[in-house]
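Trainee: I would like to learn how the words used for a protein model follow from their definitions. Could we take the terms one by one and set each value against its cut-off?

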Amino acid sequence: MLLIYGANGFTGQLIVEECVRRGLRPVLAGRRADALMPLARQYGLEVRVASLFSGHAPGRPRLTPPGTLPPVPHDELLMMLDGVSVVLHCAGPFFRTSGLMVQACLEVGAHYLDITGEIAVFEACRHRHAAARQREIVILPGVGFDVVPTDCLAARLAAALPGATQLELAFAGGGGFSRGTLKTMLLGGGEGGAIRQDGVIIPVPRAWRTRVIPFRDKPRTSVTIPWGDVSTAQWSTKIPTIHTYLALPVSARLGMTVQGALQPLLDIPAVRRLVERQIDARVSGPNAAVRARARMQIWGRVTHPDGRTLEGTAVTPEGYRFTAIAAVECAQRVLVHPPEPGYHTPSSAFGAHFLESLPECDVQLASGSSR
Ligand SMILES: NC(=O)c1ccc[n+]([C@@H]2O[C@H](COP(=O)([O-])OP(=O)(O)OC[C@H]3O[C@@H](n4cnc5c(N)ncnc54)[C@H](OP(=O)(O)O)[C@@H]3O)[C@@H](O)[C@H]2O)c1
C-alpha cells in the first residue's frame with residue numbers, strides 16, 4: 001500500500017493525479033482532514049490524518065545530527081502507517097517534517113521516499129543507512145526534479161570518466177515556484193550557499209561563483225546554489241568535489257544578494273510568519289499550461305586530475321510535472337521490486353539510465369572526453 005503524506009499540497013496533488021492516471025490507489029494523508037477530503041472525494045481514495053509535530057519549534061533546520069537520539073513518533077502517526085509499505089512524503093519544508101517521518105517508517109518497516117531538495121535532509125537520511133539496512137527498508141529522498149535528473153546525469157558522467165574528482169552540475173528553465181518551494185528556499189536557506197570540497201560540505205556565500213554554462217539550447221549565466229546533489233552526488237559517483245549551479249537572469253541574481261542581506265530578519269519568528277502568510281496569499285505555482293509547455297535544461301561536467309573532462313546535457317519536462325512523473329515512477333518501482341535496503345539516491349536505486357526511462361526525458365553525453 002502506498003501512502004502520500006502532504007497529498008493536498010501543490011505537488012502532492014500533482015502526484016496523486018499521476019498515481020490515479022497509472023491506476024494506483026494511494027492512501028491520501030496529511031495533517032488536515034478538511035484539506036484532504038475534496039481530493040479523496042474526487043478520486044474515491046482513503047484518507048488518513050496525523051500531525052508531524054516533532055516537539056521543536058519551526059525555524060532553522062533541526063534535523064537529528066548523527067549520534068543523537070531520533071525523534072519519537074507518536075501513536076497517531078504510527079497508526080496512520082498501519083499496513084503501509086511505501087510512504088511518499090511530500091510535506092515540506094522537509095527540515096521540519098522528514099526526521100519524524102523517517103523514524104516512523106523505521107519503526108513500522110515502511111519504505112521512505114520524499115521530494116526534498118534540502119542538503120541537510122539528504123545528509124540526515126544518509127546517516128540512517130545502517131538503521132534502514134537493519135530494518136530492511138529503503139530510504140530514498142529526492143525523487144523529484146531535485147535530484148533525479150542531475151543525479152542520473154552525474155552518475156552517467158562519472159561512469160564514462162572513471163577517476164574523475166570534480167563534478168559540476170547546472171540546471172535552467174521552469175515556469176515559476178510553488179508556495180512550498182518558496183518557503184523552503186526562503187525559510188530553510190539560512191545558511192547561504194554550500195559546495196562539496198574534497199569530500200566535505202562547506203558553506204559558501206550565496207551565488208559564490210558565477211559562470212556561463214553551455215546548456216544544450218543556449219549558454220546562460222549561472223550562479224552556485226546549494227542544490228541537493230552537493231550531498232547526493234557523492235553517494236552516487238564517489239566524486240569528492242561537487243559544485244551546483246542555477247541559471248538566473250540578472251534581476252534574480254540581484255534578488256539573491258538582497259535576500260542574503262535580509263536573511264537575519266528571517267530568523268525573527270514574527271517576520272517568518274509574515275513571510276509565510278504573504279507566500280500563502282500571493283503564490284499559486286505554475287499553472288497547467290505552463291507545466292505542459294516548459295522544459296528544464298540540465299548540464300554536467302566531470303573533470304579528471306589528469307585534465308580530461310567530459311560534459312553531458314539532459315532535457316526534461318517542467319520541474320513540477322517532472323516531479324510528479326518521477327516520484328510516482330520511483331514509488332511504483334519500490335512497491336513492486338524495492339532496491340537493496342538502505343539509503344539510496346535515485347541513480348543508486350534504479351541505475352544511471354533511470355532518467356532516460358521517463359517520458360520526454362533525454363540525456364546526451366559528449367562523444368569523448370577532452371583535455
Ligand atoms: N524535489 C523537487 O524537485 C521538488 C518539487 C516540488 C516540491 N518540492 C518540495 O516539496 C515541498 C512541498 O511543496 P509544495 O509545492 O507541494 O508545497 P505546498 O503546496 O505548500 O504544500 C505543502 C504540503 O505540506 C504540508 N505541510 C507543510 N508543513 C507541514 C508540517 N509541519 N506538518 C505536516 N504537514 C505539513 C502542507 O499541509 P497543510 O496544507 O496542512 O499546510 C501541504 O500538504 C516543498 O518543500 C518543496 O520545496 C520539491
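Trainee: Why is Tyr112 called buried?

Mentor: Buried means under 20% relative accessible area, exposed means over 50%, and partly exposed lies in between, with a 1.4 Å probe and protein chains only. Tyr112 has a relative accessible area of 0%, so Tyr112 counts as buried. Please keep in mind that this is a predicted model, in which local features need pLDDT of at least 70 and side-chain atom pairs count only at pLDDT 80 or more, while totals for chains, interfaces and linings use all residues. Residues are numbered from 1 along each chain as its sequence is written, and side-chain values use heavy atoms, with hydrogens and water left out.

Trainee: Which residues does Tyr112 touch, not counting residues up to four places away in sequence?

Mentor: A contact means heavy atoms within 4.5 Å, and by that rule Tyr112 touches Val87, His89, Ser98, Met101, Val102, Cys105, Cys125, Val138, Ile139 and Leu140. The side chain of Tyr112 also makes a polar contact with the side chain of Asp114, at 2.5 Å. A polar contact is a pair of N or O atoms within 3.5 Å, where within protein one must be able to donate a hydrogen and the other to accept it, and residues adjacent in sequence count only if both atoms are side-chain atoms.

Trainee: What makes residues 111-114, where Tyr112 is found, a strand?

Mentor: Strands are DSSP runs of E with at least two residues, helices are runs of H or I with at least four, and both are numbered from the N terminus. Tyr112 is found in strand β5, residues 111-114, and the chain comes to 14 helices and 16 strands.

Trainee: In which order do the seven strands of the open sheet lie, and why are β3 and β15 called edge strands?

Mentor: The order is β3-β2-β1-β4-β5-β6-β15, with parallel pairing. The edge strands are β3 (47-49) and β15 (342-343), and each pairs on one side only. Two strands pair if DSSP finds at least two bridges between them; strand β1 (residues 2-5) and β4 are joined in the parallel sense over four bridges, and in β4 the bridge partner of Ile4 is Leu88. Helix α1 (residues 10-21) packs on the sheet, touching β1, β2 (27-30) and β4, and its direction makes about 160 degrees with that of β1. For such angles, axes are lines fitted to C-alpha atoms, for helices over the stretch in contact, and the angles run from 0 to 180 degrees between N-to-C directions. Helix α4 lies across β1, β4, β5 and β6, running at about 165 degrees to β5.

Trainee: What makes the pair Glu329 and Arg333 a salt bridge?

Mentor: A salt bridge is a side-chain nitrogen of Lys or Arg within 4 Å of a carboxyl oxygen of Asp or Glu, and the side chains of Glu329 and Arg333 meet at 2.8 Å, N to O. Both residues lie in helix α13 (residues 319-336), four residues apart, about one turn of the helix. Glu329 has a relative accessible area of 18% and is therefore buried, whereas Arg333, with 27%, is partly exposed. Salt bridges that share partners join Glu18, Arg21, Arg22, Glu329 and Arg333 into one network.

Trainee: How far apart are the closest N and O atoms of Arg301 and Glu311?

Mentor: They are 3.6 Å apart, and Arg301 forms a salt bridge with Glu311. Arg301 lies in strand β13 (residues 295-303) and Glu311 in strand β14 (residues 309-317), so the pair ties together parts that are 10 residues apart in sequence. A search of the whole structure finds 17 salt bridges.

Trainee: Why is Asp198 called exposed, and what is noted about its phi?

Mentor: Asp198 has 63% relative accessibility, so Asp198 counts as exposed. Its phi is near 50 degrees, a positive value in a residue other than glycine. Most residues other than glycine have a negative phi, and most peptide bonds are trans. The peptide bond from Gly92 to Pro93, however, is cis, with omega near 5 degrees.
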